[in-house]
Amino acid sequence: MLAQAKAFIDGIISSPNMVQRRPAVNADRESNIRGLYIIGDLAGAPVIKLAMAQGYEIIEHIASKPDAVSDDPNMYDVLIVGAGAAGMNAALAAQERGMRLVVLEKGKIANTIEDFPEGKWVYAEPDEAPSKGKLWLDGARKEDLVKRWNDIKEENNLDIRTGEGLKSLERQKDGSFIARTDKGKYRTRRVILATGQRGNPRKLNVPGEDREQVYHRLYSPKHYKGEDILVIGGGNSAVEAALTLAEENRVKLIHRRDSLGLVFQDNKRKLDEAVAQGRIETVWNAGVAEFGEAEATVKVKGEDEPKRLPYQHAFVLVGAELPSRFLKSLGIRLENEWTGNPIQALLFVLAALVGLWFAGGQTGAATPPVAGWGLALASLGGLLFTAIKGSRWSWLGVAFLISYTVYGAKLGHGLELWPYRDWGFRALSFFDRPWSFWYTVLYTLLMTFFGLQALKRWGIDRRDKLQIWRYASLLSFQWVFFFLIPEFLFKWAVEYRWVGERLASDPSFSEQAWRAYGAVYAWPLFFYTFFYDPHQVWIAWGLILSFVVIPLFVIFQGKRYCSWICGCGGLAETLGDRWRHLAPKGPTSRKWERMNWVVLGAAVVVTVMMLLRDTYAVLYGPAGDGVELYHLFADVWLVGIIPVTLYPFMGGKVWCRYWCPLAKMMDVLSKLYSKFRISRFHIVSNDKCIGCTECTRNCLVGIDVMSFAIKQETIDSSNSSCIGCGICVSVCPMDVLSFSATAPENGLVQIETMKAA
């Protein structure tokens, strides 16, 4: 039982993990080890130009520090691990800044590029981004680029120690490091890790894989002629290798599944042609069990006897993996590591709540409130102390206490959740304003503060007009429709008769300022639109908004209401933006999206009962109970406490994605429109995807965008939970994705083709 519970919890907390996890770094790319920075492919720079930019920028950051250059002749100012694009550009920038530096490289300069197939063209994209630093980059054959970089190393007399990899790293009491290699040790003030991950090929871990004729890269395909060759893998690298080798060899492509996975459409077409012509033989649902001297043992699913396939050379091309063991040996944490003690964090949270219970004076015990406050503050202090020391479970406890307090006390005096019952609402109300008002103020200020940061990050810094308009829209709707109108302008409109004498004098309109939220929040998100004695104005507008405006909006904009208008989605897109990469991913998390069917169904049932309860007396009690339960579970726990608690751990769209009934209603409409081909909302792809995963990583609703892009399949609301935020379009370094008003017939849109070398 405990094992099942642990497996269930582990599945939830690991759901945000990408297939390739990254080291955890802050905004300055500093790891959890102070003074150790991570840049390049390892830190999410998917193309050479962006890796170079990170190398230059990290030195600019270090140079701004007062101790950037040391007077100690026995200490390096910076030790750079890796002589690729990021590492070399960092070295050149550091040398320009007068820093004493050394570069350690376990292989050769530009090792990843050096391992490209001969003659491969290297692109200098994205075109619109200017190169930073002294390292040369232009479109060129890989041999020319590698030679140019080696010349730059010699011309600038860079101290690059090739064939010397970092083995261990020790941080000293003074903040410096001792780095050890097989050839010596180095004392340095700071370390920059720029090793990349593509040079760390994934292996099958089967007997014989270390044989001389088994490779994990294809370097010179023209050297092989008339041989039996095995290619293992189902991605673009394996398919391209098989196609190239098949020109002068007998090639068998072995893949563990029954079809290709994330493969470019052009590669798939070429492979199908080669198979049809007999130039390549495919072995599906198969895996190599052993590499012998001249034969490989291959087990095929559903077959009792393994196959014995002859080969002179084999190429295991199943991707690269993060050098996790190496990183962990250095003490570097990976993203989404659940450190700390969950039981300890839970006890701190419970103790804090018990302390608040006694502090509120509602226990009936003789314990003085000061003792309760002491317990609450001591427990909170312990929680914060362990959180700052690195316990992620404690940070979860802190997030829960904040969300639980904010929403648990907002219900109104006497309705608060334990331990705030009968005192929490009053304690948080001041300046003659109730806590519900200050909650709206806090909500709006948080959205504004973090919204401006997100606007700068995605809009201004990237010069992306779409994101500038999107965040301006979110902030405008929050300030005008979800703050100023319900809290101020509505009351003034009634007081000064801006709405006319008739409406201003009608209590069912003038005394229900809270209904102003329904001006933009449609039913069933604004659950109370049609009951509790609404004025005809609100009924009419509620019907038009929910069943005319929203359905028409969805035709042209899909579910963009969630990312351009909605205040619930607005907090997720602003406060939650910094954790968007932690949105749950994978098929299990997509199954969780079915939960909003339950919430939508509950909203429909309770609304119908409320509308019919005056006609059918038997519904009166159940309808009232239904409203209270829906309010408690949906409006308090599912909208507020749970999702806001989980923002820093599972991204910002927890409510919107898993429980919002309006999102589900729009989802149903979108699928219906797509089925009848009247939808005008689509994201299309060209043929330039490089499989960098940036689009998938930054999707706030966890869509595997890359799987659509790499196969040039259209994304719409019929095959995904897309909310049209456009971050996948903005973040793509190759300009692969774009919005389209019409879906292409074949699912392909050729926007721009690669230029020939």
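The bend at a residue is the angle between axes fitted to the seven residues ending there and the seven starting there. The model is predicted; local features need pLDDT of at least 70, side-chain atom pairs count only at pLDDT 80 or more, and totals for chains, interfaces and linings use all residues. Residues are numbered from 1 along each chain as its sequence is written, and side-chain values use heavy atoms, with hydrogens and water left out.

**View 1. Helix α17 and its kink at L545.** Helices are DSSP runs (H or I, at least four residues), numbered from the N terminus. Helix α17 covers residues 536–557, and its end C-alpha atoms lie 29 Å apart, in agreement with the 32 Å that its 22 residues should span at 1.5 Å a residue; the expected span is 1.5 Å times one less than the number of residues. A kink of about 35° is centred on L545. G558, which follows α17, has a positive phi near 60°.

**View 2. Packing of the buried residues of α17.** Buried means under 20% relative accessible area (1.4 Å probe, protein chains only). The buried residues of α17 are W538, G542, L545, S546, I550, P551, V554 and I555. Their packing partners are α14 (465–495), α16 (507–510), α18 (561–564) and α24 (661–675).

**View 3. Aromatic pair F509 and W538.** Rings of Phe, Tyr and Trp (its six-membered ring) pair if their centres lie within 6.5 Å; planes under 30 degrees apart count as stacked, over 60 as edge-to-face and the rest as tilted. Y404 and Y420, with centres 6.2 Å apart and planes at 45°, are therefore a tilted pair. At 8% relative accessibility, Y404 counts as buried. F509 and W538 are stacked, at 5.6 Å centre to centre and 15° between the planes. Because F509 lies in α16 and W538 in α17, this pair ties together parts 29 residues apart in sequence.

**View 4. The largest nonpolar core around L525.** A nonpolar core is a set of buried Ala, Val, Leu, Ile, Met, Phe, Trp, Tyr and Cys residues joined through side-chain atoms within 4.5 Å. Among the 113 residues of the largest core, Y521, L525, Y561 and L737 touch the most other members. Helix α22 (residues 620–650) contributes the largest share, 12 residues. Contact means heavy atoms within 4.5 Å; beyond four places in sequence, L525 touches Y561, C566, C568, W655, C660, P661 and L662.

Note on methods: Helix = DSSP H or I, 4+ residues; strand = E, 2+ residues; numbered from the N terminus. Buried < 20%, exposed > 50% of the residue type's maximum accessible area, 1.4 Å probe, protein only.
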